[in-house]
Amino acid sequence: RRTMNLAMQALVGNQPVSNAMAQWNQVGIGPGQDHAFFVGLTGGTAGSCGRNQVNEVTWSGTNCGMAFGGSTLAVTTSWSSSGKVIEVDILFNNTKSWSSYDGPVRYNPNGTSINDLTRVALHELGHAAGLDHPDQAGQSVSSVMNSQISNTYTLQADDIAGAHAVAWQSTGGGSTPV
């Protein structure tokens, strides 16, 4: 089980991230595949850029003090000890404009895309579950885990298969990919 502290109220709210967690839970990931891998707690963060063994999801203007890349919407950082993940933090770029919607990518009148928090949260939570970008590994598949935003806004077969293929190991505080 991976408990994530949610602090998304400032811009869009916690619900889009909770919805993304529910999608991952519904497909049964983790060692027990018991449909309760991601658990969201609200009530603030303890410092999302430090190794405090608290998994956090929050807004930030930087990637722990370093500038986000110009097209970076969010980053997931994992910390490990002895080969086991001990903390995962997800930072959403608060310098971007955000919304939450289903369906194909939507665009502003000026032609720029409207960033969908649920779609990006699905992707970042995939990283928190141990997945990488299939398109950067030479795969050509429909996947929310691809490195570029697309019209894909729900988990695809490749995402689910990848999450089920992660090697899981139990630790004292829950289960982590190795």
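This chain has three helices and nine strands, taken as DSSP runs numbered from the N terminus, with helices being H or I of at least four residues and strands E of at least two. The model is predicted, so local features need pLDDT of at least 70 and side-chain atom pairs count only at pLDDT 80 or more, while totals for chains, interfaces and linings use all residues. Residues are numbered from 1 along each chain as its sequence is written, and side-chain values use heavy atoms, with hydrogens and water left out.

From the N terminus, the order of elements is β-α-β-β-β-β-β-β-α-α-β-β. Of the 178 residues, 43% count as buried, meaning under 20% relative accessible area with a 1.4 Å probe, protein chains only.

Now the core. A nonpolar core here is a set of buried Ala, Val, Leu, Ile, Met, Phe, Trp, Tyr and Cys residues joined through side-chain atoms within 4.5 Å. The largest one has 32 residues, and Val17, Trp24, Phe38, Val57 and Phe92 touch the most other members. Strand 1 (2–7), helix 1 (15–26), strand 3 (56–60), strand 5 (84–93) and helix 2 (117–128) each supply at least two residues. Helix 2 gives the most, with six.

Take Phe92. Beyond four places in sequence, its contacts (heavy atoms within 4.5 Å) include Val57, Trp59, Phe68, Trp98, Leu117 and Val120. Phe92 is also the bridge partner of Ala74.

That brings us to strand 4, residues 74–81, which pairs with strand 5 in the antiparallel sense over eight bridges; pairing requires at least two DSSP bridges. The two strands form a hairpin with two residues between them, and Ser82 in the turn has a positive phi of about 55°.

How values were computed. Buried means under 20% relative accessible area, exposed over 50%, partly exposed in between (1.4 Å probe, protein chains only).
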